[in-house]
Amino acid sequence: MTQETLKPQEKAALIELLYQMGDDDFILAFRGSEWLGLAPHIEEDVAFSSISQDMMGHANLYYRLLEDLGEGEADRIAHLRTPEQFRNAIILEEVNGPGTYLKEPDYDWAFAVVRNYFYAVHKQIRLESLRHSSYEPLAEAARKIMTEQYYHLMHWEVWFKQLMTSTDEAIERMNAAINKVWRDFGGVLTLGPSYADIVKADLIDDEAVMKKRWMNKMEAVFKEVGAFYPGEPRMERGNGRNGVHTDDLKQALSTLSEVYATNPATGW
Amino acid sequence: MTVGLSFSQLSEEEKMQHFLDRINAGEKIEPDDWMPDDYRMQLIRLISMHGISEIMGALPEKEWVPKAPSLHRKLAIMAKVQDEMGHGQLLLRVAEDLMAPLGKTRHDIMEDLFSGKLKFHNVFHMDAPTWGDAGIIAWLVDGAAIISQSMMLDSSYGPYARALKRICAEEVFHAQHGESIILAMAEGTPEQRQMLQDALNRWWESLIMFFGPKSAKETGNSNADKNIMYKIRTKTNEDLRQEFFTKYIPRIWSLGLTIPDETIHFDEETQMWIYKDADWSNFKQIVSGNGPQSQNRLDLRRRSYKNNEWVREALAAKKAI
């Protein structure tokens, strides 16, 4: 399908899916950018900031596709929506830890590794499915994103496995982070209320199929590092795909749009 | 050198003479070559300060990464701070090789930074309260950095010269990114122009300070002179500052901005820019860790170093799976 051949119901489903994926990348890229200068070592600062930049670029690609579908300028999409209009999963908006990126950041590296690794595994599955999307511009974007995503996944997998097989303290901290992420990671694995239309339009695989792939991969990795596999991830704080969010998103969006919102009409 | 006499049998004076002959002939010194202790110490001081300045220099701009006012600007400033961090890493690797024979490592560099023994560039101690500051930093601070670093592209120490080659190539993009921010604001609303002018006013003295004092008498320090003798650098602080003025003052004026120094002008007779000098006692205060943001930014790094101690331990103890 192309923009011209989309039926109204398919178009609405496509728009929904693009918001979900764009917002997931946008908000996690922001959380990643807050880590700059605070990573465990300088080499990681270089790598992590590169990953965050790539992810911001991926969000930009999805927002451009939305712009093409008549959703308004990508910059307005990124900077002027209310929190309720965001479709990202709740776990991705969560703060990196106590403090802010400017003041007394007591950020948790175990949480960063677990959240990013779990997300990277899902993103890989999602992109592999999108390569065969019925909407050609999306399939093309997915193929482009995958060339970078390959390295992101590898990066976080190395971290995950290293820390899960190291000192007792590292394992303890990682397990605490896994528990924390597991409570809400179900929100990443859902396609939200438009799920049936998204699948019907052949835009991406069924969420149940992708969820199963993710769980199979996780189970294998947990086994490899000798960790207990906790079963199906939950969605305790609600579904971000429905526009349900926490104050963490509100805070993130006010930071992200601070300058743009002073005058969206002018050039910056 | 006498045939049959190995280098190690030479007297210290002869080694020194051989070393000076090499650098005067334009040869590059490599990490395993013999070098006078004084040369090594000058390099360690200069390169670790440069490296750590790149790393601390990412912090003021980082403040503006999430707030950058469009997706395009967000991507550009993210790329820039990543480059700066990469420059820091590249330079610290060069410094680490020089420190190795002294039994020192990256850990010592970080400890020296935290204790205030290792200084970082004056500009990165300053406030960056608006998006205009992010533009001025990228345009003029990076522009100043290109001028001072280009002079060392032919540095007598090979690894430093090679690292600078890559760094300068990237800094050119940074300055262009900065110029693009500045142009958008200069052509924008009166509020944007005011924001830009305010940022220039805030940064002007820091930019004068960037190149260091005119001569040793302002700070009682003769490192610059020594580095010229060793061919680590080729120009004086004042040469560089004049070069900066020649390149940027006309551009600043052409944007309709005012330089906060009524006396500044080009003197045809001496072919020099006449300007109001910086307050060098203030400079000393700033680089000693008493600038407006010195301790806040150091605290960010101190805190993260401490918070991530368990990660470094875990990596050191890593088991193979």
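Predicted model: local features only at pLDDT ≥ 70, side-chain atom pairs only at ≥ 80, totals over all residues.
Student: How do you know that the span of α7(B) is close to the expected one?

Tutor: Set the two values side by side. Helix α7 of chain B, residues 190-210, has 21 residues and reaches 29 Å from its first C-alpha to its last. At 1.5 Å a residue you'd expect 30 Å, so the span is close to that.

Student: Where is the kink in α7(B) centred?

Tutor: On B:W203, with a bend of about 40°. That value is the angle between an axis fitted to the seven residues ending there and one fitted to the seven starting there. Just after the helix, B:G212 takes a positive phi of about 90°.

Student: Over to chain A. Why is α2(A) called roughly antiparallel to α6(A)?

Tutor: Their axes come within 11 Å and cross at roughly 165°. The cut-off for roughly antiparallel is over 145 degrees, so α2(A) qualifies against α6(A). As for handedness, α2(A) passes α6(A) in a left-handed crossing.

Student: Which residues make that contact?

Tutor: On α2(A), look at A:A47, A:I51, A:D54, A:H58, A:L61 and A:L65. On α6(A), it's A:P137, A:L138, A:A141, A:I145, A:E148, A:H152 and A:H155. They divide into 8 nonpolar, 3 polar and 2 charged. As for spacing, an α-helix has 3.6 residues a turn, so residues three or four places apart point the same way.

Student: How many residues of each chain are in contact across the interface?

Tutor: 47 residues of chain A contact 44 residues of chain B. To count, two residues need C-beta atoms within 7 Å. The elements of chain A giving two or more residues to that side are α1, α2, α3, α6, α7 and α10.

Student: Which element gives the largest share?

Tutor: That's α2(A), with 12 residues. By class, the side of chain A touching chain B has 21 nonpolar, 16 polar and 10 charged residues.

Key:
Residues numbered from 1 in each chain as written. Chains lettered and ligands numbered in written order. Helix = DSSP H or I, 4+ residues; strand = E, 2+ residues; numbered from the N terminus. Nonpolar A, V, L, I, M, F, W, Y, C, P; charged D, E, K, R; others polar. Axes fitted to C-alpha atoms, helices over the stretch in contact; angles between N-to-C directions. Parallel < 35°, antiparallel > 145°, perpendicular 65-115°, else oblique. Left-handed = near helix turned anticlockwise from the far one by under 90°.
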